[in-house]
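Here are my notes on the two-chain model you sent over. Have the coordinates open while you read.

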Amino acid sequence: MAALGPPLRTWRGLLRELRYLNAATGRPYRHTAAYRYLVKAFRAHRVTSEKLCRAQHELHFQAATYLCLLRSIREHVALHQEFHGKGERSVEESAGLVGLKLPQQPGGKGWEP
Amino acid sequence: MWRSCLRLRGGGRHLLNCPRGGLTASRGPGPKPPAHARAYAPPAAERKRFYQNVSITQGEAGFEINLDHRKLRTPQAKLFTVPSEALAVAVATEWDSQQDTIKTYTMHLTTLCNTSLDNPTQRDKDQLIWAAAKFLDTDTVWSPAPHLSSGSRMARPWHPAASLLVCILPAPGFSHGCRVEEPETLVELQRNEWDPVIGWAERRYGVKIGSSTSIMGPSIPARTREVLVSHLASYNTWALQGIEFVVSQLKSMVLTLGLIDLHLTVEQAVLLSRLEEAFQIQKWGNVEWAHDYELQDLRARTAAGALFVHLCSESSAVKHKLPQG
């Protein structure tokens, strides 16, 4: 069995991701279908008195997988917009990527008007 | 090299179903990019978000998604229906979370559903199983590197103008890792991390696998293949689409099985899949716009595939505990 940590942490992580998703649209995340579904699922599969409850572990696994999906997509999109989403880089930016700078010529290069 | 080519072909298949701006057919084609666009400009074909509300309805065949008053359709204009409510909610969330433009490359679950509904490559169940099982021969976890040493990663051809920094990045489409014979630390790392997973799979399915660093790889016993193929045959077509997707992302059958049997989390499976890359990052440094970018993409795809398999293969029946009188 994979170690997943406490379910409460997964739940909090999911709420955080839902907040990120709905921050742009401006609507409260509590009104979304995803929130309602998650609340229902988490409530229906609360800890039972059984020592080994496979269904609960399974649901927790799915929740953790969904959390991983949402988080990775958010970070992937952020990286995409930062590094890949703007088309061709300028010479200065390309140099900056590998820690270089273009040379400065204080007096100009001589051919400017 | 030949192995990477095979994988590239497999890994790119999902794209077939996802023409740019074409995830739904409820409207005409998106705006064409201007002719004067620069050579490397990002494609301007991301469509605007043309809907306000996303809702779910239960139809005869399953759950459907509505964008305002329109029904969501697949690229082949079939009605978009999914078998489970959880999957419908996840897909609706994907559509609802698009902001100004529809970024199809972030909608992995929608893509998987479209692939299952349309089946653009016209494959039946046996072909799907075969496509997943062929990775047994070149499984990341027990196969040797086709190019022998991990050091060769540094010598891979790249753009002529590549700087030293760029040279240590793996070219896209290459496998994430393989069994190596040197350096010693990486061999030990692979032994410590991969062997428990192989051991788990051998116990779980009662088969014999073993690992090898010889160029031909271990010869997988015929019985092992039979057992795993018959295990895969117990899944339905939807779940098999997801399994094949995950296998082609992780390049490993064993890691996929571990993910589906709840033995590994997505993070663990992805880490094990790109163990060699993690080792090289530790040694040479992390490059955010390549390593992290690939890592997050791989995680997102793997998580989407695993979730898809779980949601499509479960037949849940909630039994309430009777109150003890």
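1. Conventions. This is a predicted model, so local features need pLDDT of at least 70 and side-chain atom pairs count only at pLDDT 80 or more, while totals for chains, interfaces and linings use all residues. Residues are numbered from 1 along each chain as its sequence is written, chains are lettered from A and ligands numbered from 1 in the order in which they are written, and side-chain values use heavy atoms, leaving out hydrogens and water.

2. Chain A on its own. The secondary structure here is four helices and zero strands, which reads α-α-α-α along the sequence. For the bookkeeping, helices (H or I, at least four residues) and strands (E, at least two) are DSSP runs, numbered from the N terminus. Of the 113 residues in chain A, 34% are buried; the cut-offs are under 20% relative accessible area for buried, over 50% for exposed, and partly exposed in between (1.4 Å probe, protein chains only). Among chain A contacts with a separation of 6 or more, 61% come from residues 24 or more positions apart, a contact being heavy atoms within 4.5 Å.

3. The A/B interface: extent. Chain A puts 40 residues into the contact and chain B puts in 47. The size of an interface is often given as the accessible area lost when the parts come together. For chain A and chain B that buried area is about 3,800 Å², with 66% from carbon and sulfur atoms; the value is the accessible area (1.4 Å probe) that two parts lose on being put together, summed over both.

4. The rule finds one salt bridge across the interface of chain A and chain B, where a salt bridge is a side-chain nitrogen of Lys or Arg within 4 Å of a carboxyl oxygen of Asp or Glu. Asp96(B) and Arg27(A) form a salt bridge through their side chains at 3.3 Å, N to O. There are also six residue pairs in polar contact across the interface of chain A and chain B (both at pLDDT 80 or more). A polar contact is a pair of N or O atoms within 3.5 Å; within protein, one must be able to donate a hydrogen and the other to accept it, and residues adjacent in sequence count only if both atoms are side-chain atoms.

5. Which parts of chain A touch chain B? Helices α2 (33-44) and α3 (54-84) of chain A each supply at least two residues of that side. The most comes from α3(A), with 19 residues. By class, the side of chain A that touches chain B has 19 nonpolar, 13 polar and eight charged residues. Ala, Val, Leu, Ile, Met, Phe, Trp, Tyr, Cys and Pro count as nonpolar, Asp, Glu, Lys and Arg as charged, and the others, Gly among them, as polar.

6. Domains of chain B. The assignment gives domain 1 (6-118) and domain 2 (125-313); such bounds come from an automatic or database domain assignment. Between them, 19 residues of domain 1 of chain B are in contact with 23 residues of domain 2 of chain B, burying about 1,800 Å², 67% of it on carbon and sulfur atoms. The count between these two domains of chain B is zero salt bridges and zero residue pairs in polar contact (both at pLDDT 80 or more).

7. Thr81(B) and Glu64(B). Thr81(B) sits in strand β4 of chain B and is buried at 13% relative accessibility. Leaving out residues up to four places away in sequence, Thr81(B) touches Ala61(B), Phe63(B), Glu64(B), Leu117(B) and Trp238(B). Glu64(B) also has a salt bridge to Lys71(B) (3.0 Å, N to O); Glu64(B) is buried at 9%, whereas Lys71(B) is partly exposed at 34%.

8. Other salt bridges. The count over all chains is ten salt bridges. One of them joins Arg204(B) and Asp261(B) at 3.2 Å, N to O. That pair links distant parts of the chain, 57 residues apart: Arg204(B) is in helix α7 (residues 184-205) of chain B and Asp261(B) in the loop between α10 (253-260) and α11 (266-273) of chain B.
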